Amino acid sequence: MAEHSGPDSGKHKANHANANSAALLHGRAGAGTGAGGLSGGLSQPAGWQSLLSFTILFLAWLAGFSSRLFAVIRFESIIHEFDPWFNYRSTHHLASHGFYEFLNWFDERAWYPLGRIVGGTVYPGLMVTAGLIHWILNMLNITVHIRDVCVFLAPVFSGLTAISTFLLTRELWNQGAGLLAACFIAIVPGYISRSVAGSFDNEGIAIFALQFTYYLWVKSVKTGSVFWTICCCLSYFYMVSAWGGYVFIINLIPLHVFVLLLMQRYSRRVYIAYSTFYIVGLILSMQIPFVGFQPIRTSEHMAAAGVFALLQAYAFLQYLRDRLTKQEFQTLFFLGVSLAAGIVFLSVIYLTYTGDFANWWGVYAKIHIPIIASVSEHQPTTWVSFFFDLHILVCTFPAGLWFCIKNINDERVFVALYAISAVYFAGVMVRLMLTLTPVVCMLSAIAFSNVFEHYLGDDMKRENPPVEDSSDEDDKRNPGNLYDKAGKVRKHVSEQEKTEEGLGPNIKSIVTMLMLMLLMMFAVHCTWVTSNAYSSPSVVLASYNHDGTRNILDDFREAYYWLRQNTDEHARVMSWWDYGYQIAGMANRTTLVDNNTWNNSHIALVGKAMSSNETAAYEIMRSLDVDYVLIIFGGVIGYSGDDINKFLWMVRIAEGEHPKDIRESDYFTPQGEFRVDKAGSPTLLNCLMYKMSYYRFGEMQLDFRTPPGFDRTRNAEIGNKDIKFKHLEEAFTSEHWLVRIYKVKKLDNRETLDHKPRVTNIVPKQKYLSKKTAKRKRGYIKNKLTLKKGKRPNRKTV
Amino acid sequence: PLFAIELLTFYFSAKRTVDLSTHLAKVSAELNLANPPGGAGPAGAFLLALEPGLEPRLAYLGVQVKGEEEEENTLEVRETKVKGKSGKFFTVKLPSPLVPGAKIRVSVEMVFTHVLQPYPTHITQAEKQFVVFEGNHYFYSPYPTKTQTTRVKLASRNIESYTKLGNPSRSEDMLEYGPFKDIPPYSQDTLKVHYENNSPFLTITSMTRVIEVSHWGNIAVEETVDLKHTGAVLKGPFSRYDYQRQPDSGISSVKSFKTILPAAAQDVYYRDEIGNISTSHLLILDDSVEMEIRPRFPLFGGWKTHYIIGYNLPSYEYLYNLGDQYALKMRFVDHVFDEQVTDSLTVKIILPEGAKNIHVDSPYEINRAADELHYTYLDTFGRPVIVAHKNNMVEQHIQDVVVHYTFNKILMLQEPLLVVGAFYILFFTVIIYVRLDFSITKDPAAEARMKVACITEQVLTLVNKRLGLYRHFDEAVNKYKQSRDISTLNSGKKTLETEHKVLTSEIASLQSKLKTEGSDLCDKVSEIQKLDSQVKELVLKSSVEAERLVAGKLKKDTYIENEKLHSNKRQELVTKIDNILDAL
C-alpha cells in the first residue's frame, strides 16, 4: 500500500486500497474462504461477499473438474498418451514399495542393457503427490485404486490452480478480477490440454505450484514478511520437485527484482523477500536428486545468483550512502563496480576453462538436434493455436496488461514481466503455451472486470438512485461494486456521476451485452475444444460409423497385453522410442529406448536397426539381445501416426550417429520424394521397418476398388509385395494390424550356408569318400573314434 | 468309519459312456446292482472304484438312483480306502438297504479334467489339434460284472488310431466296445484313442471370486480369472492375415466365449490391469445375463490371458434373515464358460462389519482358510472375510453355498453416524479456529492500527449518514416549497437537529477515542466536524431562505441565485469532506 504514492487516478485504485485496508481489517481472521469471511454473518455485506466468492470458486472448481472428464465418460478411466504411462508406472512402484524404495529404484526394464536410475532422473513431485493422496485415502479405508488417483489428479489440481489464480489476481487487482480469472483458468483450453483426466503428467500439478509460488512471491514483496517468503520457498520447492519449468520461476523472480531496482522501486521489503527466497529456495531446490547441483552450476540459474549479488550490493550502497559524503561515496562506488566487474570476468573465464560452464553456450543449440526437433511439442507455435487455446482471452489480455502498466506498482511490474516473457516462450515452443495461459487469464480477467465495473456497475446505480442513508444497503443493490468493501461506497457516487456523465444507458447496456456474449462464446469454445481436441486418450482410438455407432479400436492394448501375458517375463522388446513408456507400463516388458530420450546414441542404434536391411539389422538386434520387435502400422485403417510416417526421423537420428552406414538420401527417390510404392528407393523397400510393416500386406485386399497391398495411410500400392524374413518371424499382429510384433529368431543350431562349401581343401578326401560304401565309411570312423577314446581314459586313470 | 452298514459283494452289469467330445472326459455309467440271492443279508451301501491312472484327475463324482418314476435321487458318496489296492474308492449309500435277491439301477457320473493330452504337443496355426485319451476298456469295479459295454464319444470322425479290443464298432464319431462278459474285479486294459478335437481347450488356471455383502441392499461380485489354452501349443508364427482370411486357420484357437451371469446382475464390468476390455457384448435375457467375452486377443495353444469381471446383485435375492439371523445363499462358483475347468479357486466372502457366529454350509468339501479382515469405506474394526479354496472344479460344482451369521441391526447406523460425526468435528474445528485467536505473539502496534481502522470505519459511516441527513432535509425543504406546509419543514428541521446532534456527539466520542489511541487521524476528524458545522449552517440558511421565499419576503430570482451560491459552497465543502474521508 505504501506504493500508492501516485495521484489517485480513479476508482480502481481506490478500490484496491480499500481492499487492502479491508484485508488488514480482517487480517486477524486470515483463514477460511480467503475473503475475510467473518466480519459478521450474512447480515453484513462481507458475509455475503465471502459466501459469493466461495460459491463462485467452488463452481469454478466443479466446472473445471467436470469439463476435464470427457475422456473418462467417453472411454474409461485410463492413463493417456505416453509420458503419463511412465509416471503411472513409477507412482505404482511408489505406492506398492514405499518412498525410499522409489528413490532408490533402479529400473532394469528401461534402456536395456543400461537401465535407468529412476529416483535420480525424475521430478518426483507428481508421483509423491499421487502416492500421498493414495496413502491418505487408504489410511481412511477409502479403497481407491492408484490408477484412479492418477487419472483424477490433474482435474482436481485444476481446481487448486483456479484458487491460486484467484489469490494472485486478487493481490494484483481486486477480488472481482480474481474470481473472473479463476473462472477463466478453470475452463481455458490452453490449460485443459495438459490436465484432462488421465493426463497424468507433471504439468498437471506444476501449473498450480507455479501460480501459488507467484502468489506467495507477490505477497512477500507486498508485505516484506519472512513468513510469506518462506511459504513462497516451500511452494517453490514443490514446484522444483514437480516440473522442469521451475526454471521459469527462478528467472522471472530475479527479473522482477532487477526491474524493480531499475525502476527505483527498491525497498526493504523487496530486499527481505528476495534474499530469503534466493537462499532458502536454492537450498530447497538442491534437495531434489534430479536437480542436485544444477542451481549453482548451470547457466539457467545464473541470473538469479547475479541478481542476488546485485541486490546485496545495492542494499550495501544504500546503507553506505546514509553514512558517507557524496565524494567518498562516488569513489567507493566506482572502485566497487570495477572490482566486481573484474571478479565476474575472471570467474567466468576460469569456469569456462574448467568446463563447468560447458553447457553455457550450447543451451539453445539443443533445438537443432534431430531427436528434439522430432517431437511435435517442440515446434514453434502458430497463430491459430493461440486463438484455439485462448480464444477471446488472447485479444483482451493486452488490455489488462495496459491497465496494469498504467497503474503500476511492485506486483503489477511482476505480472507485466510475467506476461511478456510468457508470450515470448509460447511463441518459441507449442508446449510452453501452458505457461502463458495463466497470465493471459489473469490479465483478461482484469480487463473484463474493469469494463464491467464501469459499464455494469454504474448502470445499476442509475436505476437505484442512492436515497438510502445506509451505504451498506446501497452496496447490496450494486452488484457491480460488490467486491468493494463496505461503508466506502457512497462517497464515490458523486465522483462517478461527474466523470461518466457522458455515457448513456444504451451504450452501457450494449457494451455489457457485448461483453457477456463474448464470455458466452468463450465458454462454448472452451467446451468444444476440450471435447474435440483434448479428450482423446490416444491409447484407445474410436471411429464412428455412418449411423453414429462407435467402433473402438483397441489394438494398442491388445498387443501390449499379448506381450504382457504371452512372452517371457524378461523378454526385451525393441520399438521406436515413442512406445517405450507404453510398453513398460502396459506390457511390463524390458524396452531398449523410451520417451526419456537421454541417450541419443542408443536411440540412433535402434533407428539404425530399423532402417538397415534384415541381415544388418539382425546383427544389431543380436548385439542388443532383442527378443521382439514392435512396430505401429496404420496402413490398414489409415492411421497417420504410424512408424512409416515417422521413419524419416529414425533415419535422420541414425544418420547423426552412423553417417557411414545410413544416409537419408538413400531413402528418397531420385526426385527427392519419400515413396512406399514401386517408385520408392530400393533401400527403403528392403529396410527392416518397411518389411515388418508390409509383411503379408501385399496379399491383402482391403476393398474392391483398390489393388491388393494398398496402403490407406499413404494412399499408395506398396512397392515390395514379396517380403520374406530369414531371422524374424511374425509373433503377433493386432486385429486392425495397428501393432505388429515380430520375434527375433535365435541363431540356428546349425549354420545353413548360403554358398556352396569350399571344396579345395577336401578335394582328395572327397574323391576318396565318394567311392566308399556305407560299410567302409562306418568302419573308418569307428577306428578313429576308438583310437581317441582309448587315449583319454588312460590319461585320467593314471 | 463308513455308513455302519455292512458292504456286500454285488453282481454288476455296467453300461458305460465315455464322452470325449470336449476337453473333458465325462464318464457316465449305468449300473445294475444286485444283492446275490442267499447273501449275508440286506446291504446298505456299495463300493465304487477308480483306476489308479485316472484317479488324481477326477473332478466330480455323482451317483443317482434311477427310480421307476423318472425322479432322480442323488446318493451320498464318501471316500474310503480298501486295503491292498491302489486307486480311489468311494462308498455309496443306497436309499434303502437291498435285500438279497433285489436289484437296483444307479447311474454314476464322473468328470475327469486334463486327461486328453494333445499329440502332437505343438502345432502350427494351419494344423488341426489331435489328442490322445488313455483309459480302461473295462468298467473298473471291485465286484465281478456280468456284462459290460463301453461307448466312446469323440469330437469328430477324424480318428487317427484306437485300440481294437473285441473288435469295436465305429460309426461317425462313436466307438462301441463290448459287450464283455463276466469280467473279474479290478480288470484293467488300456483303451487308447487318438483323434481330432478342436473344441476349446480352455482352462481357468486360477480364479479368485470375491463376494462382498452389504446390508444396504447390494452384493458385489468380482471374479479375477487367469485363463490358459491348454491344447496343443502354437508353434511358429501367428499370422493375422491367415487368421482373418481363412476360416479354418487356427481352428483350435478360442476367439470368444459366453459367460452366463445371474439374471439380476447389474453394472457389469470386464477389465484387466490396463483398463477396460472393449471387446465384449452384454445380452440381457429373461432368466440370465449373457456376456460374450472376447479376450483382447484370440487364445492359441499355450497362450494365456487374465481378466476381471464384476457385477452387482440386489441382496434381497440372496440374503435371507430372521431377526438378527442372516443366511447368504450364493453360488460357490459361477459359470464362466461351458465345460469349464477350474484348476484352483479361491472364494472370499466379505460379510458386513460386525457379523458374528459365522457358519458355512457347503454342498461339497471345501478347504477353509483362516478368516481375514477387510477394510473398506467407513470401516473401523474390519469386515470378516471367509476364505475358501478348492481345486479341480467343473461345471457340476456350480452349487449354492449357504453362509449363516448373526448381525446386530443397530450396527447399520454406525457408518452414517461416523460421517455425521466427521463433518461435525470438521465444522466445529473451523468454528473454533475462526472465532479464537491462535496467534502466538500479540503485536500492539497492529492491534492499535486495527482499532483505529475500526473507529475510522465507524466514523466514515456516521459522516456518510450525516451527509444523508442533509439530503433528507433538502427534500423536506423542497416538499415545503411545493406544499407550503410549514409543519413539514419544521418536523424536518427537528429531525435534522436531533439526529444531527446524536451523530455529531457520536463522532465526537469516536474522535476522543481516536485521541486516546494516539492517532493523528483525530485532527482530520475534527476538521470534518468543523466543515460539517459549516455545511449545516449553509443548509439551515437555505432553509430559512426558502421559508422567506414561501412567505413572499424574498424574490424568486434572488432566491435562486442564493440557492446556487449555497449549493456550490455546499458542494465544495462536501468534496472537502470526501477528500478527507478518502485520506482516512
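Predicted model: local features only at pLDDT ≥ 70, side-chain atom pairs only at ≥ 80, totals over all residues.

Next, colour residues 573-629 of chain A. An unreviewed UniProt entry annotates this span as "domain: STT3/PglB/AglB core". The span is 53% helix and 11% strand, and its end C-alpha atoms lie 6 Å apart.

**Helix pairs in chain A**

Select H18(A), residues 383-390, together with H24(A), residues 505-532. Their axes are 8 Å apart and the packing angle is about 105 degrees, which means that H18(A) is roughly perpendicular to H24(A). Which residues meet here? From H18(A) come Phe387(A), Phe388(A) and Leu390(A); from H24(A) come Phe522(A), His525(A), Trp528(A) and Val529(A). By class, six residues of the contact are nonpolar, one is polar and none is charged.

Move to H4(A), residues 83-97, and H6(A), residues 125-139. The two axes come within 9 Å and cross at roughly 50 degrees, so H4(A) is oblique to H6(A). The crossing is right-handed. On the H4(A) side, show Phe86(A), Asn87(A), Ser90(A), Thr91(A), Leu94(A) and Ala95(A). They meet Leu126(A), Met127(A), Val128(A), Ala130(A), Gly131(A) and His134(A) in H6(A). This contact has seven nonpolar and five polar residues, with no charged ones.

**Chain B**

Start with the open sheet of four strands, ordered S9-S11-S16-S13 in chain B and paired antiparallel. Its edge strands are S9 (116-118) and S13 (159-162) of chain B, each pairing on one side only. From one strand to the next the twist averages 20 degrees. Zoom in on S13(B) and S16(B), residues 190-196: three bridges join these antiparallel strands. Ile159(B) has Tyr195(B), in S16(B), as its bridge partner.

Then select residues 417-436 of chain B, which an unreviewed UniProt entry annotates as "transmembrane region". This stretch is 95% helix and 0% strand, with its end C-alpha atoms 28 Å apart.

The last stop is H4(B), residues 486-517, with H5(B), residues 521-551. Their axes come within 10 Å and cross at roughly 170 degrees. H4(B) is therefore roughly antiparallel to H5(B). Residues of H4(B) in the contact include Ile486(B), Lys493(B), Glu497(B), His500(B) and Lys515(B). Among those of H5(B) are Leu521(B), Gln529(B), Asp532(B), Lys536(B) and Glu547(B). How does the contact divide by class, and what are the counts? It has 11 nonpolar, six polar and six charged residues.

Conventions
Residues numbered from 1 in each chain as written. Chains lettered and ligands numbered in written order. Heavy atoms only, no water. Axes fitted to C-alpha atoms, helices over the stretch in contact; angles between N-to-C directions. Helix = DSSP H or I, 4+ residues; strand = E, 2+ residues; numbered from the N terminus. Parallel < 35°, antiparallel > 145°, perpendicular 65-115°, else oblique. Contact = heavy atoms within 4.5 Å. Nonpolar A, V, L, I, M, F, W, Y, C, P; charged D, E, K, R; others polar. UniProt positions renumbered as here; feature names shortened; annotations may be inferred. Left-handed = near helix turned anticlockwise from the far one by under 90°. Pairing = 2+ DSSP bridges.
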